[in-house]
Structure formats: structure tokens, C-alpha cells
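Work through the exercises below with the structure open beside you. Try each task before reading its solution.

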Amino acid sequence: MSEPGPSTRVVRAGLPAPEQGEPFLPGPVFAAPFHLTGDPYTSPAAYTRYGNPTWARYEEAVGGLEDAEAILFSSGMAAAAALLLTNLKPGSVLAMDAGCYHGVRALTTAHLEPRGVEVRLAPPPGLAEAARGADLLWLESPSNPELEVYDLGALAGLGVTTVVDNTTAGPLLQRPLDLGAAYTLTSATKQLSGHADLMLGYVTTRDSQRMQALRDWRRTAGSIPGPFEVWLAHRSLPTLAVRLERMCDNALAVARLLAARDDVDGVRYPGLPSDPGHEVAQRQMDGYGSVLSFDLGSEQRAERFLAAARLVTDATSFGGVQTLAERRARWGGDAVPEGFIRLSAGLEDTADLLADVEQALGAAAS
Ligand SMILES: Cc1ncc(COP(=O)(O)O)c(C=O)c1O
């Protein structure tokens with residue numbers, strides 16, 4: 001049989017072997033301690049901070065999508081902290097994409113630089129230079145919220161241990177480990193869980209020593225997810241491929257609509273053939289994701305657009321079933337214009353979504 005496709009892979013990912021009378025996906029295991037006699041390290045479970053059967057199933061599922069081992073954390077940021085703190089110490093050098101998620105940049109400023117880690121922030125053209133002699137290279141592609149696309153193979157090939165934050169693409173659209181990255185990080189708060197109702201993050205790697213360091217970190221730092229959140233995420237995994245299909249179609253349709261208007265500037269979506277990242281994205285991705293961005297020129301016009309939209313909810317985050325958008329400058333932290341909007345396409349019917357975006361743009365003009 002040929003390689004199974006994405007839907008085939010996700011519908012049974014991490015499920016136990018069929019057993020008469022048992023459910024397909026066993027329920028969440030709620031326990032702090034487990035019955036334990038003798039050696040805690042050889043017991044199937046001892047104390048949830050050390051491991052939990054509900055995590056193990058989902059880790060097997062998402063790790064399998066990248067032919068790697070996966071480790072869960074309580075959020076994408078907890079996963080980022082684990083990666084940074086297991087790889088860097090005083091005197092280490094971190095080279096980082098200046099446009100990467102602002103929370104990760106804030107973590108390095110608040111907690112790494114004061115502890116003697118040199119952080120070199122660089123825009124896309126300077127990243128390879130900044131990585132020279134660095135201990136860790138951190139990048140995000142497509143980046144959030146500016147949708148810059150990096151050539152992952154070229155950067156991971158520089159010989160520096162490379163982390164790719166794969167959150168905007170996810171494991172079905174992009175496999176950074178195949179392109180030479182040492183780790184991928186995914187906030188499963190987004191498309192992986194997909195219903196905007198939980199927070200979760202994970203790291204994948206194919207290196208068992210790196211994985212052991214992360215497991216030791218999680219156990220000692222206690223940045224563990226709750227079993228119910230993990231179970232909910234696992235329950236959502238079988239629909240990931242079909243959700244993504246609609247989200248990518250809707251994102252492309254909205255991007256095309258926006259790019260064709262002369263009252264909208266700076267539309268970025270790697271699926272548009274005119275996008276500066278399209279060629280590289282076409283080579284390294286199996287789809288272009290749900291997130292796009294554009295500029296309505298002023299705070300007032302962007303806010304009028306968001307207020308007038310009925311099928312585009314004003315909220316942060318992305319990758320969920322509802323279409324969301326926000327004026328990104330309201331948070332601070334990103335170098336974007338006041339009228340810059342990030343939009344995450346959901347699962348609405350395409351025609352309805354386009355009609356709504358069009359009417360909201362009309363309302364924003366007045
Ligand atoms: C690219 C990226 N990485 C990491 C994170 C952090 O994930 P979480 O919000 O699950 O902590 C986010 C959150 O928006 C993100 O967009």
C-alpha cells in the first residue's frame with residue numbers, strides 16, 4: 001500500500017489496538033498518584049507530573065505525524081521555555097527571527113538576557129549572519145503575524161541547532177525535522193486542537209538525548225498539561241485534515257479578494273502566487289495555512305471593519321473553526337502598522353465569508 005494520506009493518518013493516530021468492548025479513545029485518566037509498590041521508574045504510572053497515560057497516547061499521535069518523539073507542555077509558551085532553558089546557559093548565544101511570536105521574544109528579554117544569554121534578533125535577510133557561532137537558532141515560518149516565509153532547509157543547514165516554531169503551519173502542512181531542524185515547536189492551542197477551547201503545546205525531536213532533557217525539565221519545572229485538555233485535543237485530531245482543507249481554501253479565497261482591491265494594502269498569504277514567500281512555501285509546505293494579514297491604513301478603518309463584520313469575530317489566536325481577526329497593534333509587541341489586521345480563516349462556507357468580508361470593507365470605507 002502507498003503512503004497513507006493526511007486524513008488517513010490522523011483518524012487513528014495514537015489510538016490503542018482494538019479490544020472487545022473498549023472505546024476507540026479511552027477517557028482521560030484523572031489521577032495525581034497511582035497505586036505504586038516498589039520502583040516508581042518501572043511502574044507504568046506513578047505520579048502524573050512524571051507521566052500520564054492520556055498524555056502518552058496523544059504524544060504518540062502527534063509525534064507519529066512527524067516520525068519523531070513528542071513531549072507535551074501546558075501551553076506553547078511552556079514548550080518554548082523548556083526548549084530555551086534546556087539549550088541555553090549563561091554565555092550562550094541565541095539567534096532569533098525578529099518577527100517571531102512576541103511572547104517568545106518577551107521571554108528571552110525578561111529571563112534570558114538578564115541571565116547572561118546573548119540574544120541576536122535579526123530580520124529575515126540577516127538571520128543567517130546572526131546565526132554564525134550561535135548555540136541555538138530560533139525561527140518561525142510562516143511567521144506570526146507578518147507571514148514571512150523562511151527557507152527552512154537552508155537555515156537548518158547552517159550547522160546550528162535549529163528550532164522551528166511550526167505553529168502556523170502544523171505537522172500536516174510542514175515537517176521541519178525533514179528539512180534538518182533539531183526540534184519543532186507547536187502551540188496545539190491553535191489548529192491542532194482547533195476549537196478555541198484549550199491551551200496546550202508540544203515539542204518534537206528525533207534525538208533521544210534532547211528528548212530526555214525535555215522530559216527531565218518538564219518533570220522538575222512542572223509545566224504539565226491537564227489530562228482533560230489533552231484528551232480533548234486528541235478527540236479533535238481526527239478532523240484536523242478536513243478542517244485544514246476548508247481553512248486553507250477560505251484563507252486563499254479571502255486573500256485573493258483582498259489582494260484584488262485597491263483600498264487594501266500589504267496582503268500577505270504564502271498561497272498567493274504574488275506573495276514574496278510563495279516560491280519557498282510551495283517547495284517546503286503541503287498547503288499554506290489559515291492565517292493571512294493585511295493593512296487597512298489606519299486604526300479607525302481597521303476597527304470599523306472589525307465592528308461591521310458578522311462572520312469574522314474580533315478575537316486573538318488562530319486555527320479555530322470560527323474565522324477570527326484582530327488589529328494586531330492593540331497588543332503592542334509587534335512592529336506592525338496601526339491598521340494591520342491578522343485574520344485566521346475558519347470553516348464557514350466560502351461564499352458567506354467572502355460576502356461578509358466585502359460588506360465589512362464597504363462599511364469600513366464610510
Ligand atoms: C507562533 C506561536 N508560537 C507560540 C505561541 C504560544 O502558544 P500558547 O499561546 O499556546 O502558549 C503562539 C501563540 O499565539 C504562537 O502564535
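The exercises that follow use a predicted model.

**Exercise 1. The ligand and its surroundings**

Task: Find which residues are closest to the ligand, and state how many residues surround it.

Solution: 
- Step 1. Count the shell. The ligand is surrounded by 14 residues.
- Step 2. Pick out the closest. These are N144, D165, S187, T189 and K190.
- Step 3. Sort the shell by class. It holds 5 nonpolar, 6 polar and 3 charged residues.

**Exercise 2. Helices α2 and α8**

Task: Describe how α2 and α8 cross. Is the crossing left-handed or right-handed?

Solution: 
- Step 1. Locate the helices. α2 covers residues 53-64, and α8 covers residues 227-236.
- Step 2. Compare the axes. They come within 9 Å and cross at roughly 35°.
- Step 3. Assign the hand. The crossing of α2 and α8 is left-handed.
- Step 4. List the contact. From α2 come T54, W55, R57, Y58 and A61; from α8 come P227, V230, W231, A233 and H234.
- Step 5. Class the residues. The contact of α2 with α8 has 7 nonpolar, 2 polar and 1 charged residues.

**Exercise 3. Helices α9 and α12**

Task: Which residues make the contact?

Solution: 
- Step 1. Locate the helices. α9 spans residues 240-259, and α12 spans residues 350-365.
- Step 2. Compare the axes. They come within 10 Å, crossing at roughly 35°.
- Step 3. Assign the hand. α9 and α12 form a right-handed crossing.
- Step 4. List the contact. α9 gives R246, N250, A253, V254, L257 and L258, while α12 gives T350, L353, L354, V357, E358 and L361.
- Step 5. Class the residues. The contact of α9 with α12 has 8 nonpolar, 2 polar and 2 charged residues.

**Exercise 4. The loop between β4 and α6**

Task: Inspect P142, P145 and L147 in the loop between β4 and α6.

Solution: 
- Step 1. Set the limits. β4 is 136-140 and α6 is 152-156.
- Step 2. Check P142. A cis peptide bond joins S141 to P142, with omega about -15°.
- Step 3. Check P145. The peptide bond from N144 to P145 is cis, and its omega is near 10°.
- Step 4. Check L147. Its phi is positive, about 60°, although L147 is not a glycine.
- Step 5. Link back. N144 is also among the residues closest to the ligand.

Conventions. Residues are numbered from 1 along each chain as its sequence is written. This is a predicted model: local features need pLDDT of at least 70, side-chain atom pairs count only at pLDDT 80 or more; totals for chains, interfaces and linings use all residues. Side-chain values use heavy atoms; hydrogens and water are left out. A residue is near a molecule or strand if one of its heavy atoms lies within 4 Å of it. Ala, Val, Leu, Ile, Met, Phe, Trp, Tyr, Cys and Pro count as nonpolar, Asp, Glu, Lys and Arg as charged, and the others, Gly among them, as polar. Axes are lines fitted to C-alpha atoms, for helices over the stretch in contact, and angles run from 0 to 180 degrees between N-to-C directions. Helices (H or I, at least four residues) and strands (E, at least two) are DSSP runs, numbered from the N terminus. A crossing is left-handed if the near helix is turned anticlockwise from the far one by less than a right angle, and right-handed if clockwise. Contact means heavy atoms within 4.5 Å.
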